[in-house]
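Please look over the sequence and the three-dimensional structure below before reading on.

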Amino acid sequence: MAVKNFVLVCGGTACESTKGDEIFKALLKSATKHGIKDDVQIIKTGCFGFCEKGPIVKVLPEEEFYVEVTPEDAEDIIAETVVKGRTVERLAYKDASTKGSVSSEKIKFYQKQYRVVLRNCGLINPEDINEYIARDGYLALEKCLTGELTPDSVIEHLKVSGLRGRGGAGFPTWLKWNFSKNVTADQKYVVCNADEGDPGAYMDRSTCEGDPHSIIEAMAIAGFTCGADTGYIYIRAEYPLAIERLNIAIEQAKEAGLLGDNILGSDFSFNLEIRLGAGAFVCGEETALLASIEGKRGMPIPKPPFPAVKGLWGKPSIINNVETFANIPVILTKGGAWFKSIGTAGSPGTKVFALTGQIENSGLVEVPMGTTLRDIVFDIGGGIKNGRKFKAVQTGGPSGGVITEQFLDTPIDFDTLTSIGSMMGSGGMIVMSEDDCIVDVTKFYLEFCVEESCGKCSPCRIGTKKMHEILEKITSGKGEMDDIQKLKDIGKAMKTASLCGLGQTAANPVLSTLKYFEDEYLEHIQDGKCRAGSCKDLMQYKVVTEKCIGCTVCARKCPVNCIEGERKAPHFIVQEKCVKCGACYEACKFDAITIS
Amino acid sequence: MAIVNIKINGLPVEVEEGTKILKAAKKAGVNIPVLCEHSDLEPWAACGICIVKVEGSPKLIRACATDVVEGQNYITHDPELQEVRRTVLELIISNHPLECLNCARNGVCELQNLAEDFCIREVPFESGVKDLPRDESTTSLVFDPRKCVNCGRCVQVCQQLQDVWALEFIGRGDETLMTAAGGALMSESPCIKCGQCSAHCPVGAIYEKDETKEFLKMIGSDKHVAVQIAPAVRVAIGEMFGMEPGEITTGKIYAALRRLGVDAVFDTNFAADLTIMEEGSELVERVTKGGILPQITSCCPAWTDYMEKYFSDMIPHFSTAKSPMMMQGAVTKTYYAEKMNIDPATIASVAIMPCTAKKYEISRDDNMQASGYNDVDLVLTTRELGRLIKSAGIDFVNLPDEKADSPIGAYAGAGTIFGVTGGVMEAAVRTAHKLVTGEEIKDVNITAVRGAENVKVGEVTLGDAKLKVAVAHGMANVRDIMNEVRAAKAAGQEPPYHFIEVMACKGGCIAGGGQPYGTNDVVRAKRTAGIYSDDEKSVVRCSHQNPEIIQIYKDYLGEPCSHKAHDLLHTKYQERPLYTK
């Protein structure tokens, strides 16, 4: 009997953590209860991307898009939508402006997106190889093994496509593969960098969770192209769901004869293993990653030689990140020219961003290269939370820089981002509003780098720490004017004299915020003022004597008993004792407490 | 090797393909400043000071780690580079205690030199020196983690050069710390006390345990202070007084020691000859009577410690002969004491050694008290003696040459070559020839075992017998030979060698962990040449011809390996755990 409906439940980490699995089970239970188990196929998919509204349940063919679903809603979804074909209004996504329910194809969050990398995420069951195959999965690998594609034509397709590595630096993928292909060696390796470490970024995790076979297929193709028979996926142990799904996918691919010895009866063999990382940010740097796979302390080594020539255990190794690999099968099935037609001339294709921060619709978005930041933030992202004013966007994670309002209409690609002082990085995109203090946010990034510097080279190890100390000084109102110059000097030394990409870019948040927001730094230092009101040490709570009626509520709420005054007489705050918790401000019904 | 044409600051230079920019610049007469780089080690590229520009590229690259590329012009110095280097240096210094006055490297510190060159007069950044305890757990070395600049040299030395793996980085970022593996104390780790870490440390983070005060106390006491000097000391200590590496200063050291107030000046070279008599006889015994082969040398205490930890199955192969230093100490407090009618209890036996492990050896087990008292009471490194001489105001360079005291001060050329890799082997062969064939060897120069190669394998003819020998130096070069022996043993085959000489330090004792700073291959070669020239100048070249050796056997020990010799001059070994924590 043909299946009438498909119910897709998001099985990404974010939705799973908010009872996605329970929803899935509840849906199954309800379907059984209503006796329609065979009419409906309930599928746990990869991430839908719209994490702000998760857990998400989508019903096809009606295109119903249900958000913030709980296990208790399962019964209504089955009874109303599946059985009776009616929309469950309370669950349906409402458009922010019209407030009306909209079906999935009309949701603004998706309208400007273009899904290449995430083509299967939220659509197929990642734990079923057949669903991947049904969507042209393993077709590219088959073409390689049946002679339709050769190592040279694979390289040619990649060259035509203009695909650049999505891990950060944007190195042309075909060139990397070609280096490795042209080196003669008794052993070569293919390595997938799934050590996504930028704060707030989860593009690669979602791809592994939602479409693991695309990575496996691409790695096998890389092996075919450069002559490697072994591959490693280096993934952080903090991604248990992604690891589980990759493991299932590897097993299924092996069973299907798509991995292992003599794939599809050819003389090409390719074996794949997963290597777990302990979560050090630096292990996303390729030489440190390779060291970690070898069982050594993850620390970068100087390049050249590049891994493509001398990599894992000294052997030529292709190393690409998850998103790069995920692009490859579809480039080979649809052709390099097709890929080239998407995006900009210098950066063809799409880019997945993890949109977070002060944004209405946080989530994973995939857009063609060249999309403007305005489109991403305001159309897809729905604008700034609570109607606040846009301040800046941090791209490239802790290695990137801020993009200010003046660049909102710049088409985003590898080169434009670099030219405006930021970088693509792996695709983290953190939106800041006027409520964010730029110095404080920069301090946050620096703190991350202080902790994640591998400690090998002195500019990065010491530079990050000293910069952080200076920012700490500034945000606590103890900044001095020459601190600005010190930050610039350290920044320059880090940028030019650090060994690896992490160190060379770790100063970027400081340098770029100094470039665009130096006035805010100066306000902190000279005026002792934090315009965003987030640097507590620069704030003072004061009682407005004229408004205070001496009700004593504030004094009773104060956790450190720093508010004094007689009953029915104006109170005052002992500043030395105040911890700036804001309890008095919240408690006062007469607006008698001000913040300055 | 192909030749590459490059430019350094616009000046054309020709270098071999694969040359690093740093070395190429040196060839062009330009010294690029470095802190972490050391010619003994693979480039680690940590400090960030040796950055240079390639004309036409915006990126700065590390001169220590980057191969030259045909046609490129490297800018090694300009205001921008100097500014960046200065900032990096300021960052490093801000995390380093400014305690130069009471630092072991005061005046010989590579960071201090850089600070001087870059005119650092103030440090713009807050001090990040951490409050970390000093590790004084071994008898040889002190590790002061506060002073560590994380250059990685010691870790590389310990892991790559020495294959000991006692040192490792732990922690990340600002918390990164070089420490005995896993955060243990040095004494709880596999550390073999070779001190190569201290010889390579650019600052005063790892240094020999200073015992100069104890020495002065002995001098000031009623004790009869008897001092011996090791072979390698004589070709190196002059460097601390501006002399060339390799200059032989034996007579000056004797004179200096007397001026420092010691009562008797002996030479470890005498005991090296004695070692040859014992160890050589032991070898002949093993070879001719079907003993356990190969025999392995036991002179090097770092190697002995390493063997006891990593290759304890080799204990039966180890020569039971004590090291020359221990033998010298033993005969000082027995033979010499009896002969001079001095109560051994009143003798203070001091050894001047190129080595930090020797400080450990004197108490490594309870066999080190032949007379009932410590064979050796105190070990000072070459560096410590140099400082003592300086502080006593002795004009070392212009000292007259003096002679060592009898009856345990004379040495043959064979004794002096103990200071270089292959030397113990060569000295042993010279005497073994006589012991096996009854005839003196025709050519005392056994060139097959000389040279700087990591492992030297050869065959020596002793009359009808052929002796297969192997020589290894640098602890990392030992494993393969030991595994070869193990494999043959396991397969029930003939042993691949009859005699194996091992020295822990690259080049042998001339490059020991206690030698003057600045050791590299150039210095090694000069010191080695000094040792061989000392041998050549010796009238007597073979240990068994040393008149004082002949005398001691005649008057006191009887035969080599006699019961008395065994009591005084031989020892035992034991398996030791890698970690005691």
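What percentage of the 581 residues in chain B is made up of buried residues? Buried residues account for 56% of them, a residue being buried if 20 or more other C-beta atoms lie within 10 Å of its own, exposed if 12 or fewer, and partly exposed in between, with C-beta atoms placed from the backbone. This is a predicted model, in which local features need pLDDT of at least 70 and side-chain atom pairs count only at pLDDT 80 or more, while totals for chains, interfaces and linings use all residues. Residues are numbered from 1 along each chain as its sequence is written, and chains are lettered from A and ligands numbered from 1 in the order in which they are written.

**Chain B overall**

- Chain B has 18 helices and 17 strands, these being DSSP runs numbered from the N terminus (H or I and at least four residues for helices, E and at least two for strands).
- The radius of gyration of chain B, taken over C-alpha atoms, is 25 Å, which agrees with the value near 25 Å that a compact globule of 581 residues would have under the rule of 2.2 Å times the number of residues to the power 0.38.
- Along the principal axes, the C-alpha atoms of chain B fill a box of roughly 75 × 55 × 50 Å.
- Of the contacts in chain B between residues at least 6 apart in sequence, 74% join residues at least 24 apart, where a contact means that the C-beta atoms of two residues, placed from the backbone, lie within 7 Å.

**Interface between the chains**

- In the interface, 28 residues of chain B are in contact with 29 residues of chain A.
- Strand 4 (60–62) and helix 2 (79–94) of chain B each supply at least two residues of the side of chain B that touches chain A, and helix 2 of chain B gives the largest share, six residues.
- That side of chain B has 14 nonpolar, 10 polar and four charged residues (Ala, Val, Leu, Ile, Met, Phe, Trp, Tyr, Cys and Pro count as nonpolar, Asp, Glu, Lys and Arg as charged, and the others, Gly among them, as polar).

**Domains of chain A**

- The assignment for chain A gives domain 1 (5–106), domain 2 (129–340), domain 3 (350–433), domain 4 (438–527) and domain 5 (540–595), with bounds that come from an automatic or database domain assignment.
- The C-alpha centres of domain 3 and domain 4 of chain A lie 22 Å apart, and 11 residues of domain 3 of chain A are in contact with 13 residues of domain 4 of chain A.
- On the side of domain 3 of chain A that touches domain 4 of chain A, the largest share, three residues, comes from strand 12 (residues 401–404) of chain A, and the residues of that side divide into four nonpolar, seven polar and no charged.

**Backbone features**

- A cis peptide bond with omega of about 5° joins A:L60 and A:P61, and A:P61 has its place in the loop between strand 3 (57–60) and strand 4 (64–66) of chain A.
- Another cis peptide bond, with omega of about -5°, joins A:K303 and A:P304, and A:P304 is found in the loop between helix 12 (286–293) and strand 8 (317–321) of chain A.
- B:W165 is not a glycine, yet has a positive phi of about 60°; B:W165 is partly exposed, with 16 other C-beta atoms within 10 Å.
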